[in-house]
Amino acid sequence: MFERIEYTVDRIDGDYAYLKNMAEPDEEPKCVARALLPEGISEGSKLAYEMFQYTLM
């Protein structure tokens, strides 16, 4: 079974976005290539990661 993880886009830097895990706010942001994320994200967007795919919430 796949676990759903919810993130907030902390910042966008060129071709990369830094995601904060909403359940673990003290963790370092996760760096993800924007090509793997849905179009239209901006800083503050909320994303769900499930089954190897990110979706806007």
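Where is the place of Ser45?

Modeller: The model is a predicted one, and the description that follows should be read accordingly. Ser45 sits in the loop that runs between strand 3 (30-33) and strand 4 (46-50). Its relative accessibility is 12%, and because buried means under 20%, Ser45 counts as buried. A polar atom of the Ser45 side chain lies 2.9 Å from the backbone nitrogen of Ser42. When neighbours within four places in sequence are left aside, Ser45 is in contact with Tyr7, Thr8, Val9 and Leu56.

Side chains of opposite charge can pair when their charged atoms come close. The count of salt bridges comes to two. In one of them, the side chains of Arg4 and Glu50 meet, with 4.0 Å from N to O. This pair links distant parts of the chain, since Arg4 belongs to the segment before strand 1 (5-13) and Glu50 to strand 4, 46 residues apart. Glu50 has a relative accessibility of 34% and counts as partly exposed. Salt bridges with shared partners join Arg4, Glu6 and Glu50 into one network. Within it, Glu6 forms a salt bridge with Arg4, and the closest N and O atoms are 3.2 Å apart. Arg4, with a relative accessible area of 43%, is partly exposed, and Glu6 counts as partly exposed at 31% relative accessibility.

Notes:
Residues numbered from 1 in each chain as written. Predicted model: local features only at pLDDT ≥ 70, side-chain atom pairs only at ≥ 80, totals over all residues. Heavy atoms only, no water. Helix = DSSP H or I, 4+ residues; strand = E, 2+ residues; numbered from the N terminus. Buried < 20%, exposed > 50% of the residue type's maximum accessible area, 1.4 Å probe, protein only. Polar contact = N/O pair within 3.5 Å; in protein donor to acceptor, adjacent residues only side chain to side chain. Contact = heavy atoms within 4.5 Å.
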